[in-house]
Structures are given as C-alpha cells and as structure tokens.
Amino acid sequence: MAYKDEQLNEEKVFKDPVHRYVHVQDRVIWDLIATPEFQRLRRIKQLGTTYLTFHGAEHSRFNHSLGVYEIVRRILYNFQGRPHWNPDERLLCLCAALLHDLGHGPFSHSFEKVFKLDHEYFTKQIIVGDTEINRILECVSPGFSKKVADVINKTYEDKLVVSLISSQIDADRMDYLQRDAYFTGVSYGHFDMERILRVMRPIEDQVVIKSSGMHAVEDYIMSRYQMYWQVYFHPVTRSAEVILSRILHRAKYLFEENYTFKLKPIHFISFFKEQVDLSDYLKLDESIVSYYFQLWQEEDDDILRDLCERFVNRRLFKYIEFNPNQQMNEWMELYRLFQKAGIDPEYYLVVDSSSDLPYDFYRPGEEEERLPIHLLMPDGGLKELSRHSDIVESISGKKRTDHKLYFPRDMLESLTDDDPVKSRILDLLSPARN
C-alpha cells in the first residue's frame with residue numbers, strides 16, 4: 001500500500017471540547033501531528049494576549065489546527081460521491097487544513113508587525129523547506145509539499161480545494177469562532193455548524209450552500225461580527241498588545257544602541273537584525289518570549305523594565321476613544337506635554353486602530369478580493385447571499401473602524417498635583433472630552 005493511502009491499524013482520536021472528537025485514520029496525518037514543527041504550535045496561543053482579558057483563553061494553535069482538520073474531514077465525508085468533487089484531493093485537503101497555521105510566531109500579529117514578518121511566508125517555508133514536515137509530505141509523492149503550500153497560499157489550481165480552507169465560510173473560521181467562544185466563555189461565536197456542513201455542496205470552483213440553510217449561515221455571519229467586536233478587538237486585549245509591541249520595540253532599539261543586557265537576548269538577535277532564518281524562527285515560542293519578559297523586569301533601562309512589569313503583572317494602559325484623523329491638534333499637544341513631563345510618548349502614548357469587514361460581495365480588482373457566499377437555489381441557479389438575506393445585506397461591504405488612545409494613567413497621576421502639565425494632560429485625556 002502506498003504511503004498516501006496507508007491507514008492506521010486502529011483509528012486514533014483526540015478528545016476535543018468543541019467537536020467532541022478529532023478522528024485520525026491516515027498514517028500521513030498521524031505522522032504530521034508528531035513532528036516538532038507541528039508540536040511547536042502547542043506553545044503558541046491561539047488568541048495572543050486575549051488571556052489577559054478572558055482568563056480562559058489559554059488554548060493553542062495546536063488545538064485550532066486539529067479542529068480545522070476535523071471540520072474538513074467531516075465536509076469531505078459529506079462530499080463523497082457528489083458531482084464536482086475529486087476524491088483524489090482528499091489527503092491534500094486534510095494536510096492543508098492541519099498545517100494552515102504552522103508559521104504563526106509567538107503572540108502572532110503583534111510580533112509580526114514589530115519585526116516585519118509574515119506568518120504565511122514561514123508557513124510555506126516550513127512546508128517546503130528542510131523540515132520533518134516536508135520529508136513526510138514528500139513521501140506521499142514528489143511535489144506534494146508544494147501542492148499543500150499552494151492550497152494554503154490560495155494559488156492552487158483547484159479553487160474548490162482552496163475554498164475549504166480559505167473563504168468567507170471556511171473550516172478555519174468555523175473552528176476558531178466556536179473554539180474562541182468556548183475558551184473565552186462568551187456566547188457570541190456559537191452557530192449551527194452541523195446544519196451548515198449538511199447543506200454545503202461542491203461546485204466547480206467553490207463550496208456553495210443550499211438555500212434551505214441560509215438562516216444557519218446568517219447566524220454564522222453575525223456570530224463572526226459579534227466575536228470580532230466583543231472578543232478579538234476588546235480594548236483591554238488591545239492595551240496588552242500595545243504594551244507587548246512597545247516592549248519589543250524598546251528591546252530592539254536598545255540592542256541597536258549597543259545596550260548591555262543583563263542576559264544577552266540570543267533568541268532575539270536575528271529578529272533585531274531582521275535576518276531571520278527558518279531555524280531561528282522555529283526556536284522562538286511564547287514560553288521563550290515570556291522568559292525574557294520576566295528577566296527584563298530587572299533591567300537597568302527604566303522603560304523596558306516598566307513595560308515588562310506591566311505586561312507580566314497585567315498593569316495595563318487605560319484608554320479613551322480618540323480619532324487621530326479628527327483630533328490631530330490634541331494629539332500633538334499631548335505628545336509635547338508627555339515629553340515635558342518626562343514620559344516618553346513613543347512608548348506611553350499610543351493610538352491603536354482596529355477594523356473589520358464582516359461580509360463582502362465580489363469587488364473585482366480591489367485589494368484582498370473576497371469571493372462571496374453563494375446559495376444554491378431550488379432551480380439549480382446560484383444567488384449571492386446578501387441578495388437573498390436582508391440580515392446579511394444590512395452589513396455587506398460595511399467596514400467598521402475603531403480608534404483608541406492608550407496611556408499609563410497611574411504614571412500621570414504620580415506627577416505632583418501642582419504641576420500644570422499634569423492638569424492639562426488629564427484634562428485632555430478625560431473621557432468626557434472625547
């Protein structure tokens with residue numbers, strides 16, 4: 001029997017709080033899970049700093065990746081024997097689902113911004129580079145690793161396969177919404193996934209939904225909308241992310257200024273120099289980053305020491321509503337006042353913006369084109385979701401943006417009461433003014 005078709009002697013299962021069980025029958029999938037590159041995902045939180053807001057949000061990219069695999073496995077089971085589905089693509093879909101998040105680094109997006117990294121690039125490098133993952137995939141067939149990378153990169157020729165992993169109603173989103181809702185303890189992310197899986201149908205280049213399942217899809221879209229604004233963009237989580245990014249910026253700045261750290265940050269050096277290779281990338285996870293943050297609480301540099309102590313002990317920045325496009329004069333005045341007060345505004349006065357587009361129809365030529373969700377009508381025709389659903393139509397194409405200004409109120413209040421700078425800063429930062 002060829003490796004790609006080899007089944008385990010006995011089915012393996014992972015007990016899962018969201019899907020009850022994750023089932024593994026393929027030898028390839030079992031071997032991929034056992035690799036160091038995949039096991040590393042146990043040490044990368046799915047929701048970054050969200051655990052500082054929702055204390056249960058300690059789940060990992062490992063959990064999520066198994067969940068996405070399981071959803072795709074169930075979808076493909078339902079696709080058996082249906083027109084337009086090529087059963088030869090089954091293992092490719094399962095591998096791409098399992099490995100789609102391989103390249104995420106510690107604290108994911110905040111980390112990427114500081115060091116100008118792209119987790120999708122590293123996902124591809126892990127899959128096609130000199131790794132155990134690559135060796136297993138190449139045992140399936142020569143060039144199979146590139147096919148997996150192409151599916152994740154959305155460049156694979158069979159768009160139906162791509163849509164299972166990356167679309168506006170894909171296995172990735174269906175898992176993280178439910179999983180993140182479960183671990184944060186909120187109810188927003190729940191929807192009837194079993195119903196959606198039952199009404200999914202493969203067509204030539206995408207998955208469509210039987211029109212009878214429209215209401216389950218409406219619930220899914222609204223769940224996603226609520227999760228973004230109530231969980232993913234929570235202002236307290238964003239405060240932690242602001243401090244995290246300022247820590248990394250400060251450490252990088254100190255390194256470039258030849259500052260002598262009490263413990264040389266060897267795990268960060270290639271990141272500081274922006275010369276990161278795959279080996280360096282794979283060695284860094286959140287346990288290592290947290291270790292340095294603990295040690296940096298004892299550093300001689302006041303800013304690095306303070307920021308690390310804030311992050312480790314959850315002494316976060318306060319925030320107010322603040323639109324930099326409309327309040328630029330106030331921003332400039334605050335910047336100068338912080339400098340007068342001896343508080344570096346580069347680290348202690350930060351505007352953070354979040355935006356989301358919950359659902360969009362097809363807009364050819366625009367950045368990040370989004371293929372719409374299509375309903376399969378009783379007559380066999382297709383109808384774009386927002387043209388049939390009043391609920392989805394009401395939010396289609398509407399991008400919502402939120403701005404917050406973050407600052408250390410405790411540091412400002414420690415200034416002497418007769419200091420006119422203190423009085424003016426607190427006046428400008430009063431929520432009543434914004």
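Colleague: With which residue does Asp-175 form a salt bridge?
Modeller: A salt bridge requires a side-chain nitrogen of Lys or Arg within 4 Å of a carboxyl oxygen of Asp or Glu. In the pair that contains Asp-175, the closest N and O atoms are 2.9 Å apart. That distance meets the cut-off of 4 Å, so the pair counts as a salt bridge. The partner of Asp-175 is Arg-179.

Colleague: What pLDDT must side-chain atom pairs have in order to count?
Modeller: Residue numbers start from 1 along each chain as its sequence is written, and side-chain values rest on heavy atoms, with hydrogens and water left out. This is a predicted model, in which totals for chains, interfaces and linings use all residues, local features need pLDDT of at least 70, and side-chain atom pairs count only at pLDDT 80 or more.

Colleague: In which helix do Asp-175 and Arg-179 both lie?
Modeller: Helices (H or I, at least four residues) and strands (E, at least two) are DSSP runs, numbered from the N terminus. Asp-175 and Arg-179 are 4 residues apart, about one turn of the helix. The helix that holds both, residues 171–184, is H10.

Colleague: Are Asp-175 and Arg-179 buried or exposed?
Modeller: Buried means under 20% relative accessible area, exposed means over 50%, and partly exposed lies in between (1.4 Å probe, protein chains only). By these limits, both Asp-175 and Arg-179 are buried.

Colleague: How many salt bridges does a search of the whole structure find?
Modeller: Some of the charged residues are joined in a network of salt bridges: Arg-238, Glu-321, Asp-352, Asp-402 and Lys-404. For the whole structure, the search gives a count of 33.

Colleague: Why are Asp-427 and Arg-424 separated by about one helical turn?
Modeller: These two residues form a salt bridge, with 3.0 Å between the closest N and O atoms. Asp-427 is partly exposed at 33% relative accessible area, and Arg-424 is partly exposed at 30%. The separation is about one turn because, in helix H22 (residues 420–428), the two positions lie apart by 3 residues.

Colleague: Which residues gather in a patch of positive charge on the surface?
Modeller: Patches consist of residues with over 30% relative accessible area and no salt bridge, joining like charges within 9 Å and nonpolar side chains (Val, Leu, Ile, Met, Phe, Trp, Tyr) within 5 Å. Arg-82, in the loop between helix H3 (61–79) and helix H4 (90–99), has a relative accessible area of 32% and is therefore partly exposed. The patch of positive charge is made of Arg-82, Arg-195, Arg-198 and Lys-210.

Colleague: What accessible area do Leu-263, Tyr-291 and Leu-295 have together?
Modeller: Leu-263 lies in the loop between helix H13 (235–256) and helix H14 (269–272), and is partly exposed at 35% relative accessibility. Accessible areas come from the Shrake-Rupley method with a 1.4 Å probe, and for residues only the protein chains shown count as cover. Leu-263, Tyr-291 and Leu-295 form a nonpolar patch on the surface, and their accessible area together is about 250 Å².

Colleague: How far away is the cysteine sulfur nearest to that of Cys-93?
Modeller: A disulfide is a pair of cysteine sulfur atoms within 2.5 Å, and by this rule the count is 0. Cys-93 is in no disulfide, and the nearest cysteine sulfur, that of Cys-95, lies at 9.5 Å.

Colleague: What is the relative accessible area of Cys-308?
Modeller: Cys-93 counts as buried at 0% relative accessibility. Cys-308 is likewise buried, because its relative accessible area is 0%.

Colleague: What value is phi of Asn-258 near?
Modeller: Most residues other than glycine have a negative phi. Lys-116, exposed at 65% relative accessibility in the loop between helix H5 (108–115) and helix H6 (119–128), has a positive phi near 55°. Asn-258 is in the loop between H13 and H14 and is exposed, with a relative accessible area of 67%. Its phi is also positive, near 60°.

Terms used. Lys and Arg count as positive and Asp and Glu as negative; His and the chain ends are not counted. The place of a charge is taken as NZ of Lys, CZ of Arg, CG of Asp or CD of Glu.
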